Amino acid sequence: TDAGCTLYGGFYQWDELMQYDGADRAQGFCPPGWHIPNEIEWDALVQFVSTSIGSGVAGSFLTDLTPTALFHAIPSGILYLNKLESFSGGIVKASIFWTSTFDPVTKKAVARGVNNIDPSVSWYQASKTDAFPVRCVKD
């Protein structure tokens, strides 16, 4: 729905969001002056928000929806193996976000996940046909 896209963002397959440009930190469909973050930029975000404690607790900071939080990763769900897993309602709330990092050996793209059960930020190698939201980063 339009309201869901406004609040959570849309779900995109990797090739679509990258605009079929496999370059690291590509602009993809981000506005001019912005790009799709790579795995290294996600790692830097994790270290920053967790005060260098790391990915084991960073998820609790990224999903903090208070107005003073620097980043709001609102768990919204995923489209995995052509099945919509909506975690925006009920007890479990989770989301996975794309990066621009692609592994040519496994033919998978790196994604980072957050949820409201575990305070960690997970690392995934996902099929490019899965659909997740993305957060653009200013150049």
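Strand 5 and strand 6 pair in the antiparallel sense over seven bridges, where pairing requires that DSSP finds at least two bridges between two strands. Helices (H or I, at least four residues) and strands (E, at least two) are DSSP runs, numbered from the N terminus. This is a predicted model, in which local features need pLDDT of at least 70 and side-chain atom pairs count only at pLDDT 80 or more, while totals for chains, interfaces and linings use all residues. Residues are numbered from 1 along each chain as its sequence is written, and side-chain values use heavy atoms, with hydrogens and water left out.

Strand 5 covers residues 94–103, and eight of its 10 residues are buried, so the strand is largely enclosed by the rest of the structure. Buried here means under 20% relative accessible area, exposed means over 50%, and partly exposed lies in between (1.4 Å probe, protein chains only). Strand 5 and strand 6 form a hairpin with four residues between them. In that turn, K107 has a positive phi of about 60°. Across the pair, F97 stands opposite R112 in strand 6.

Strand 6 also has a partner in strand 7: the two run antiparallel and are joined by five bridges. A hairpin of six residues connects strand 6 to strand 7. Within this pairing, A109 stands opposite A126 in strand 7. In a regular strand the side chains alternate between the two faces of the sheet.

A salt bridge is a side-chain nitrogen of Lys or Arg within 4 Å of a carboxyl oxygen of Asp or Glu, and a search of the whole structure finds three. In one of them, the side chains of D43 and R112 meet with an N to O distance of 2.6 Å. The pair links distant parts of the chain, with D43 in helix 3 and R112 in strand 6 (residues 108–115), 69 residues apart. R112 is buried, at a relative accessible area of 4%, whereas D43 is partly exposed at 33%.

E41 is partly exposed, with 21% relative accessibility, and R25 is partly exposed at 40%.

The remaining salt bridge joins the side chains of D15 and K128 at 3.4 Å, N to O. Because D15 lies in helix 2 (residues 14–17) and K128 in the loop between strand 7 (122–126) and strand 8 (131–132), the pair ties together parts that are 113 residues apart in sequence. D15 is partly exposed, with a relative accessible area of 25%, and K128 is partly exposed with a value of 25%.

D139 is exposed, with a relative accessible area of 64%. The C-alpha atoms of D139 and W34 are separated by 5.1 Å, although the residues are 105 apart along the chain. Leaving aside neighbours within four places in sequence, D139 is in contact (heavy atoms within 4.5 Å) with G33, W34 and H35. The side chains of D139 and H35 make a polar contact of 2.5 Å. A polar contact is a pair of N or O atoms within 3.5 Å; within protein, one must be able to donate a hydrogen and the other to accept it, and residues adjacent in sequence count only if both atoms are side-chain atoms.
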